[in-house]
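Q: I would like a close look at one part of this model. Please keep it to the charged side chains and how they pair.

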Amino acid sequence: MGFHFFSMLFRMKYISRWSLMRNTRTENLSEHSHDVAVLSHALAVITNQRFGGQIDIGRCVLMALYHDAPEILIGDLPTPVKYYNPAIRDAYKHIESVSGEKLLSMLPDDMKEQYRTLLMPDRQWQQERRIVKAADKLAALIKCMEETGQGN
């Protein structure tokens with residue numbers, strides 16, 4: 001049996017974001033994940049240094065790198081659709097979970113748990129999840145500001 005997890009991850013560069021809006025420059029999932037990782041790192045450092053936080057910075061950055069990995073298999077569902085109502089939101093979370101499990105199945109057994117905590121972090125990493133979510137929103141804001149700056 002082959003293990004295709006990493007070849008699937010390298011498909012992130014082919015998954016486009018922002019499908020419901022005109023873009024002056026397209027953005028792919030790989031670029032977005034990098035941006036979110038950089039922002040997560042900065043937010044975690046600020047939280048720890050300036051506010052006495054206890055964020056695991058390395059874990060936070062790794063979670064950011066993998067935060068949209070399930071979209072490799074299911075694509076990027078636009079936020080207005082994803083959060084239109086609780087039923088759609090919950091159904092999409094289930095689909096993301098199934099996609100995450102599918103990705104995990106592409107790893108050798110002895111590696112699955114290490115990646116599970118990145119693809120589907122549990123409550124133990126709640127603070128880091130909040131940092132990644134904030135960074136994700138900041139990345140969206142930056143993208144919108146870039147588009148507006150280009151006259152879009």
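Is D68 buried, partly exposed or exposed, and what is its relative accessibility?

A: D68 is buried, because its relative accessibility is 7%. The cut-offs: buried is under 20% relative accessible area, exposed is over 50%, and partly exposed lies in between (1.4 Å probe, protein chains only). The model is predicted, so local features need pLDDT of at least 70 and side-chain atom pairs need 80 or more, while totals for chains, interfaces and linings use all residues. Numbering runs from 1 along each chain as its sequence is written, and side-chain values use heavy atoms, with hydrogens and water left out.

Start with the partner of D68. The side chains of D68 and R17 meet in a salt bridge, 3.7 Å from N to O. That term means a side-chain nitrogen of Lys or Arg within 4 Å of a carboxyl oxygen of Asp or Glu. The pair links distant parts of the chain, 51 residues apart. R17 sits in the loop between α1 and α2. D68 sits in the loop between α3 (57-66) and α4 (71-74). These helices are DSSP runs numbered from the N terminus (H or I, at least four residues; strands are E, at least two).

R17 has another partner. Its side chain also meets that of E27 in a salt bridge, at 3.1 Å from N to O. Both R17 and E27 lie in the loop between α1 (5-9) and α2 (29-51), so this pair ties together parts that are 10 residues apart in sequence.

R17, E27 and D68 are linked in a network of salt bridges.

Now the burial of each member. R17 has a relative accessible area of 11%, so R17 is buried. E27 is at 6% relative accessibility and therefore counts as buried. D68, at 7%, is buried too.

E31 forms a salt bridge with R25, and the closest N and O atoms are 3.1 Å apart. E31 has a relative accessible area of 29%, so E31 is partly exposed. R25 counts as partly exposed because its relative accessibility is 44%.
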